Amino acid sequence: MDEDDRVIPFPRRSRRVKAKGCPICGKPAEAAYEPFCSPRCKQVDLGRWLNGTYRVETDERPGEPGAAAEDDERSDG
């Protein structure tokens, strides 16, 4: 059997992974609103995305032609 043909088993975790709390208030997450604990925290998070508190960094500069301009051109036709 060659070295390339060996099966390497998936490593087992020796300890349990602790469930994370709500990213807004830290309370335990509820299954219905996961990863949040309530509809309020879910709405707070959405509001932060919509008002620009949270942002995804890119290499594009404001006003630089990008994907948004290409989408507008396709919808005209």
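This is a predicted model: local features need pLDDT of at least 70, side-chain atom pairs count only at pLDDT 80 or more; totals for chains, interfaces and linings use all residues.
Local features need pLDDT of at least 70 and side-chain atom pairs count only at pLDDT 80 or more, while totals for chains, interfaces and linings use all residues. Residues are numbered from 1 along each chain as its sequence is written, and side-chain values use heavy atoms, without hydrogens or water.

The protein has 77 residues, and 9% of them count as buried (under 20% relative accessible area; exposed is over 50%, partly exposed in between; 1.4 Å probe, protein chains only). Among contacts (heavy atoms within 4.5 Å) between residues at least 6 apart in sequence, 6% join residues at least 24 apart.

The protein contains 2 helices and 0 strands (DSSP runs numbered from the N terminus: H or I, at least four residues, for helices; E, at least two, for strands). Proline 28 lies in the segment before H1. Proline 28 is exposed, at 66% relative accessible area. Its C-alpha is 9.8 Å from that of serine 38, 10 residues apart along the chain.

Helix H1 covers residues 39-50. Its 12 residues reach 16 Å from first C-alpha to last, close to the 16 Å expected at 1.5 Å a residue (1.5 Å times one less than the number of residues). Glycine 52 follows H1, with a positive phi near 90°.

The count of aromatic pairs is 1 (ring centres of Phe, Tyr and Trp, its six-membered ring, within 6.5 Å; planes under 30 degrees apart are stacked, over 60 edge-to-face, the rest tilted). Tryptophan 49 and tyrosine 54 form this edge-to-face pair, 5.2 Å centre to centre with 70° between the planes. Tryptophan 49 is partly exposed at 44% relative accessibility. Tyrosine 54 is partly exposed at 27%.
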